[in-house]
Amino acid sequence: MLIKEFRVTLPLTVEEYQVAQLYSVAEASKNNTGGGEGIEVLKNEPFTDYPLLGGRYSTGQYTYKIYHLASKVPAFIRMLLPKTSLEVHEEAWNAYPYCKTVITNPGYMKENFMIVIESYHIGDVGDQDNVHELPADKLKIREVVHIDISNDPVASSDYKEDEDPSKFKSEKTGRGPLVGRDWKHSVDPVMTCYKLVTCEFKWFGLQTRVESFIQKAERRLFTNFHRQVFCWMDRWHGLTMEDIRALEDATREELNRVCNLLIFAFHYQYSTLN
């Protein structure tokens, strides 16, 4: 088991981030359906009586998605592994400002693979020690990683000039650009996403390497995603939660329509060959 707590500070209020995050997730879902594969949204509905963080939060929005990854890996891996190994299931309970996401591979790895991401959004600069209330044994092995969306390096393949917080200035709010190493202490408003990532990959000889790879991938994801959240500010600022739910519904319908068209195309192609 490997536990890291990523802390991402942003020049937003906690209330603004709720809209910004949901908007950005919906946009990312649409952007990752290319090539006939991507994200299949199975459920997006309210939940009640599901206790989180010691029962402090128990109502919110539940989503269940399947990520189809076959086109994202090299061909020789697709030949070696069964299809079920390339489908990742994600369940998420959004009881904002606290959220919990569980990622599994029930078709292949079953109980031997799990990633749990617990996010707590607080109006500070990321200096609280144990917001997730970890017990002593887990707190001892937890590593804290501060992510600076403006100064941390990103891969050249990830870089987009219009998603660079050191260059972006919001026309709607006047916030940005985020300049200097100490920008988080000079912006107002300010908040931090405390994202606790616990990953387990039980496979003899590969566990340590794969768990380390997963944590590096999560850091890259959190960095790039939150650069987008900030630099897309003029797209989401001013939207209401009703606007966001309508956007999510439209996104789910679009993704499911793509999946249905692919199924039809497959059956049509198969019938012409037999």
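The structure is a predicted model, in which local features need pLDDT of at least 70 and side-chain atom pairs count only at pLDDT 80 or more, whereas totals for chains, interfaces and linings use all residues. Residues are numbered from 1 along each chain as its sequence is written, and side-chain values use heavy atoms, with hydrogens and water left out.

The secondary structure of the chain comprises six helices and eight strands, where helices (H or I, at least four residues) and strands (E, at least two) are DSSP runs numbered from the N terminus. Read from the N terminus, the elements follow the order β-α-β-β-α-β-β-β-α-β-β-α-α-α. Of the 274 residues of the chain, 45% count as buried, a class defined as under 20% relative accessible area, with exposed meaning over 50% and partly exposed in between (1.4 Å probe, protein chains only). The accessible surface of the chain amounts to about 14800 Å², and carbon and sulfur atoms contribute 55% of this area; accessible areas come from the Shrake-Rupley method with a 1.4 Å probe, and for residues only the protein chains shown count as cover. Among contacts in the chain with a separation of 6 or more, 71% are between residues 24 or more positions apart, contact meaning heavy atoms within 4.5 Å.

Strand β5 (residues 98-104) is mostly covered, since six of its seven residues are buried. This strand is joined to β4 (residues 87-95) by seven bridges, and the two run antiparallel; strands are said to pair if DSSP finds at least two bridges between them. The pair β4 and β5 forms a hairpin with two residues between the strands, and A95 stands opposite Y98 in β5. With strand β6 (residues 113-122), β5 likewise pairs in the antiparallel sense, over seven bridges, and here K100 stands opposite E118 in β6. In strand β3, which holds I66, that residue is buried, with a relative accessible area of 10%; its C-alpha atom is separated by 5.7 Å from that of V88, 22 residues apart along the chain.

Charged side chains were examined next. Nine salt bridges are present in the structure, each being a side-chain nitrogen of Lys or Arg within 4 Å of a carboxyl oxygen of Asp or Glu. One of them links R142 with E5, the closest N and O atoms being 3.4 Å apart. R142 lies in the loop between α3 and β7 and E5 in strand β1 (residues 2-10), so this pair ties together parts that are 137 residues apart in sequence. R142 is buried, and so is E5, the relative accessible area of R142 being 13%. The side chain of R142 also has a polar atom 2.6 Å from the backbone oxygen of D129. Not counting residues up to four places away in sequence, R142 touches I3, E5, R7, D129, N130, L134 and L196.

A further salt bridge is formed by the side chains of R175 and E16 (2.8 Å, N to O). Because R175 lies in the loop between β7 and β8 and E16 in helix α1 (residues 14-31), the pair ties together parts that are 159 residues apart in sequence. R175 is buried, with a relative accessible area of 16%, and E16 is buried with a relative accessible area of 16%. The side chains of E133 and R56 meet in a salt bridge as well, at 2.3 Å from N to O. E133 lies in the loop between β6 and α3 and R56 in the loop between β2 (39-47) and β3 (60-68), so that parts 77 residues apart in sequence are tied together by the pair. Here E133 is partly exposed, with a relative accessible area of 43%, and R56 is partly exposed at 46%. Salt bridges that share partners also join E5, R7, D129 and R142 into one network.

Note on methods: Polar contact = N/O pair within 3.5 Å; in protein donor to acceptor, adjacent residues only side chain to side chain.
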